[in-house]
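Me: I am new to this structure, and I would like to understand what the words used for it rest on. Please set each value against its definition as we go.

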Amino acid sequence: MTTARIENNLKKIKSQLPCNVTLIAVSKRQSIEKIQAAMAAGQLAFGENQVQEAVEKIQRASGEKIQWHFIGTLQSNKTTLIAEHFDWVQSLCSLKHAKRLNDARKDRPLNILIQVNIDHEASKSGLDVSEVRRFAKALRDFPRLKLRGLMCIPEKDSDAFYRMKSLFDEMNAEGFELDTLSMGMSDDYGRAVEAGSTMVRIGSAIFGERA
Ligand SMILES: *Cc1c(COP(=O)(O)O)cnc(C)c1O
């Protein structure tokens, strides 16, 4: 995939997104050259799911305005590195990890999305909808974490995007002050945006197939 191709893909995807929707370029298992091509094309936010791989990239290709989003499964022995190198964690669903991230974080608070297992899939992490409010309240005990919203990775072709949007709206009506609903990937971002997503996480449609 050439630089021009990545630039074109970004342009095309952005032209399809309403201006209130943030595009996260999911760069997991993509080369540093491709990431730099996306940065040169003006892309500022990147998503990674492996801590070690991400930290190397962050050290090589960072910039003042560049934001890194952790979108993978959290592990206790990686929380310090995440707190040190990332701007957002989109996959929080345990208080143990919340405490570890909070304890390790310095400077600005870490932006947090709660991952919701919206389709009750055994293979996926995330909280059940019934647990999200209590968890969101518990996060108030952690001053270095700033709860921004919710994230999900639904089953193919489910109506999960609409159920997530309802949960998001209900929580805001209850006073949670969430501003970010992260849903939509290469294959389904159109439907996610239609349902009310404010952040899409797109990898292969920007960078091509992963290594
Ligand atoms: C890999 C990944 C994506 C991007 O997937 P594509 O299908 O390549 O767009 C988005 N979100 C999460 C959590 C991922 O792990």
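Me: How many disulfides does the structure hold, and how do you know?

Reply: This is a predicted model, in which local features need pLDDT of at least 70 and side-chain atom pairs count only at pLDDT 80 or more, while totals for chains, interfaces and linings use all residues. Residues are numbered from 1 along each chain as its sequence is written, and side-chain values use heavy atoms, with hydrogens and water left out. A disulfide is a pair of cysteine sulfur atoms within 2.5 Å, and the structure holds zero of them. For C152, the nearest cysteine sulfur is that of C93, 13 Å away, and C152 is in no disulfide.

Me: What makes R29 and E177 stand out in their phi values?

Reply: Most residues other than glycine have a negative phi. R29, which is not a glycine, has a positive phi of about 55°, and E177, also a residue other than glycine, has a positive phi near 55°. R29 lies in the loop between β1 and α2, and because its relative accessibility is 43%, it counts as partly exposed. E177 lies in the loop between α7 (160–173) and β7 (180–182), and its 68% relative accessibility is why it counts as exposed.

Me: Why is strand β1 said to be largely enclosed?

Reply: Helices (H or I, at least four residues) and strands (E, at least two) are DSSP runs, numbered from the N terminus. Four of the five residues of β1 (residues 22–26) are buried, so this strand is largely enclosed by the rest of the structure.

Me: How do you know which strands pair with β1?

Reply: Two strands pair if DSSP finds at least two bridges between them. Four bridges join β1 to strand β8 (residues 199–202), and the two run parallel; M199 in β8 is the bridge partner of T22. Two bridges join β1 to strand β2 (residues 45–48), also in parallel, and there A25 has F46 as its partner. Between β1 and β2 the chain crosses through helix α2 (residues 32–40), and this β-α-β crossover is right-handed, a word used if, with the strands pointing away from the viewer, the path from the first strand over the helix to the second runs clockwise.

Me: What makes strand β5 count as mostly covered?

Reply: Seven of the seven residues of β5 are buried. From this strand, L110, I112, I114 and V116 point one way and N111, L113 and Q115 the other way, and all are buried. I114 lies in β5 (residues 110–116), and its relative accessible area of 0% is why it is called buried.

Me: Which strands pair with β5, and in what sense?

Reply: Strand β4 (residues 88–92) pairs with β5 in the parallel sense over three bridges, with V89 opposite I112. Strand β6 (residues 145–152) also pairs with β5 in the parallel sense, over seven bridges, and L150 in β6 is the bridge partner of I114. The chain passes from β5 through helix α6 (residues 129–138) to β6 in a right-handed β-α-β crossover.

How values were computed. Buried < 20%, exposed > 50% of the residue type's maximum accessible area, 1.4 Å probe, protein only.
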